[in-house]
Amino acid sequence: SSSQYSTPTAGSQPARESRPADERPVPADWEARQDELGRTYYVNHDARMTQWQHPSDPVETGTRTRPPRPPPPAVPAAPEPSIAVSNEVPLPQGWEKRQDNFGRVYYVDHVSRVTTWNRPQALPAGWEMRTDPRGRTYYVDHNSRTTSWQRPTTETVQNFRQWETQRERYGQTLQQVSERFMFHRAQDVVEEGGKTAPEKDQALPDGWEKRIEANGRVYYVNHKNRTTQWEDPRTQGTSGSGLEEALPQGWEMRFTSEGVRYFVDHNTRSTTYQDPRVVSAASSKQVGATASPSAIIAYDRSFRWKLGQFRYLCQSNSLPSHVKINISRDTIFEDSFNQVMRHQAYELRRRLYIQFKGEEGLDYGGVAREWFFLLSKECLNPMYCLFEYSSNNNYGLQINCASGVNPDHLQYFRFTGRFIATALYHSKFIDSGFTLPFYKRMLNKKLTFRDLESIDPEFYNSLNWVKENSITECDLELYFCADFDCLGKLTNHELKPGGAGVLVTDANKEEYIDLMTNWRFNRGIEEQMTAFLDGFNEVVPLVWLQYFDERELELMLCGMQEVDVEDWQRHTIYRHYTKSNKQVIWFWQAVRAMDHETRLRLLQFVTGTCRVPVGGFAELLGSNGPQRFCIERVGKETWLPRSHTCFNRLDLPPYRSYEQLLEKLTMAIEETEGFGQE
């Protein structure tokens, strides 16, 4: 209807004289109307716009299809400003320059029917504008033989070329990363005459060709199977130094774009991350008590493989029988300390049998998991002054330099070392993790200046400022010494002999930063760290960890804290239930509705720990090895759910509604504690 369009106002006509009536017919979707002054205007029902000009009249340059809002009638309309075009570059074909009612210049592209405030530029050299059969405009780059829907400009072309240059540099860096584990090949050894050994002694195999990329990188083409590779086929799978064995016949070693090594079996046309030399060694029974683990680990650096080798070492050094630890929940820290330190360290390699006083539960693994979890919360609690959080926003733990307030603190650090090693030995998880520099010290790796940022950002920023700026001009008067405040006692420490009298300058500030970094990591904690490592080494030799890095060690101790509900549901088995039973559907609906903390408490209620193995729920451990999460139909609807932590089993009664299941399940995980017998 006509009421949804507004008529032009009194002053919005393009001329002051009244416009005579135009009797010409209007196109479809147009309508001729008159305002209260008898002036004719035209309504475009398709675009919902109005205008004074007859739609059949040609559109003049600078005119608009919609009349502008005018100034008050008493004020004469300002004349349209003249536009100087003498010094401007002509517009590209199909473009038009216009002005709005505020005098702002904009540009109309009649080809693509778009407008823009920016003056269009001519296409860069080598570009061409075309139209496809559907009338869509696209642009052809004859330089690179590519097409684009976006109109190119000189600036965008320059930015793209700059990005290509950076990507090429990144590719060269990535190549260096991908070859960081590659052995020294024979063609890398240059002999007399300036030629490498392969080029001098033998030609490429039949069907092979050597080529060079634009960036100078050499690759090889196999015309028989139409493939390419970086590895020289003359030395593929061999070692000039003799430290590595040759790959089996038909195998090839390659690297992914992320630098991860994998192996191609051309015999079966398959790929694997497992080194075939390790598989062949295992099949020939060379991997055993007589085999050297270091001879195998040199072939494969994957975390899963290293973890398997560590588990093998633990199992091959386990002792028969069991060691019983009887503790109380109220005094778990003191009881555990007394009983663990009473035993010989090697006895902790036996099977653990944990008994909570006043509880009848039998330990087939689940009680031990809860003991490790609860005790780790206690002995690593900063309130005991043995450990502290590294910073206000980082809850990784580090040794508290003020632990000396307890005269027996070294014995407690020795106990903590034994406890952490026992958890690692028996594949149990702890509640809290340490800082990455702490794990690096366990692995006997050198701490760097960058490691300082994770434990003391302010200290790191101060040293970084010294590193990046000239301190001679600032006259900071820094010396090779540092002050340390511990419990109100200020101690001055010389970073090197006579350092209190050596001034830090731009020439020696690198030495100052190295000494200061080393002192910051070790200040007041040398004895505590030594006691911790001694206790750890008594149960698990530190040499067993030499092939892990600090992040892998953290995963082994703490597991994964994120709970993937889909993975959890996918690796769950059912007894006297099926996936389609309404109680099972309600259970997973309740799990998805829980927050992260409640899910962890549910997981701890059923399995004894709130941590997930590295391989996910498929690798949950029970009393006799891997045992998946299980839901069994047991009891009546008035019963609460029960758990069997040794078998990762949840007894779920057949409740009548989702609300009843959620209420009973929440009460079970929030209000229950302790173990019993059936």
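How many helices and strands are there in the protein chain? There are 19 helices and 27 strands.

## Basis of the model

This is a predicted model, in which local features need pLDDT of at least 70, side-chain atom pairs count only at pLDDT 80 or more, and totals for chains, interfaces and linings use all residues. Residues are numbered from 1 along each chain as its sequence is written, and side-chain values use heavy atoms, with hydrogens and water left out.

Helices (H or I, at least four residues) and strands (E, at least two) are DSSP runs, numbered from the N terminus.

## The chain as a whole

The protein chain has 678 residues, and 41% of them are buried. Here buried means under 20% relative accessible area, exposed means over 50%, and partly exposed lies in between (1.4 Å probe, protein chains only). The accessible surface of the chain comes to about 39,400 Å². Carbon and sulfur atoms account for 49% of that surface. Areas come from the Shrake-Rupley method with a 1.4 Å probe; for residues, only the protein chains shown count as cover.

Contact means heavy atoms within 4.5 Å. Take the contacts between residues at least 6 apart in sequence: 56% of them join residues at least 24 apart.

## Salt bridges

Side chains of opposite charge can pair when their charged atoms come close. A salt bridge is counted when a side-chain nitrogen of Lys or Arg lies within 4 Å of a carboxyl oxygen of Asp or Glu. The whole structure holds 25 salt bridges.

One of them joins Lys 306 and Glu 552, at 3.0 Å from N to O. Lys 306 sits in helix α5 (residues 303-316) and Glu 552 in helix α15 (residues 550-558), so the pair ties together parts that are 246 residues apart in sequence. Both partners are covered: Lys 306 is buried at 7% relative accessibility, and Glu 552 is buried at 12%.

Another pairs Glu 538 with Arg 414, whose closest N and O atoms are 2.3 Å apart. This pair also links distant parts of the chain: Glu 538 is in helix α14 (residues 526-539) and Arg 414 in helix α8 (residues 409-425), 124 residues apart. Glu 538 is partly exposed, with a relative accessible area of 24%. Arg 414 is partly exposed too, at 25%. Elsewhere, salt bridges that share partners join Glu 632, Arg 642, Arg 649 and Asp 651 into one network.

A further salt bridge is formed by Glu 31 and Arg 33, with closest N and O atoms 3.1 Å apart. Glu 31 is partly exposed at 27% relative accessible area, whereas Arg 33 is buried at 12%.

## The cavity

A cavity is defined on a 1 Å grid over the protein atoms alone, as a set of points where a 1.4 Å probe fits but cannot get out; lining residues have an atom within 4 Å of a point. Grid points are joined across faces, edges and corners, and a volume is the space filled by probe spheres set on the points. The structure holds one cavity of 30 Å³ or more. The largest cavity has a volume of about 40 Å³.

Which residues line the largest cavity? They are Ile 325, Val 340, Leu 348, Leu 352, Trp 371, Phe 415, Phe 419 and Thr 422. Helix α8 gives the largest share of the lining, three residues. By class, seven lining residues are nonpolar, one is polar and none is charged. Ala, Val, Leu, Ile, Met, Phe, Trp, Tyr, Cys and Pro count as nonpolar, Asp, Glu, Lys and Arg as charged, and the others, Gly among them, as polar.

Helix α6 spans residues 332-342. Its buried residues are Ile 332, Phe 333, Asp 335, Ser 336, Phe 337, Gln 339 and Val 340. Their cover includes β16 (322-327), β17 (351-356), α7 (366-379) and α8.

Gln 528 is found in helix α14. Is Gln 528 buried or exposed? Gln 528 is buried, at 4% relative accessibility. Leaving aside neighbours within four places in sequence, Gln 528 is in contact with Ile 399, Asn 400, Cys 401, Ser 403, His 409, Leu 410 and Phe 413.

## Positive phi in two loops

Ser 321 lies in the loop between α5 and β16. Its phi is near 70°, a positive value in a residue other than glycine. Ser 321 is exposed, with a relative accessible area of 51%.

Cys 385 lies in the loop between α7 and β18 (387-391). The phi of Cys 385 is near 70°, again positive in a residue other than glycine.

Technical notes:
1 Å grid on protein atoms, 1.4 Å probe; cavity = no way out; pocket = protein on both sides within 12 Å on 5 of 7 lines; lining within 4 Å.
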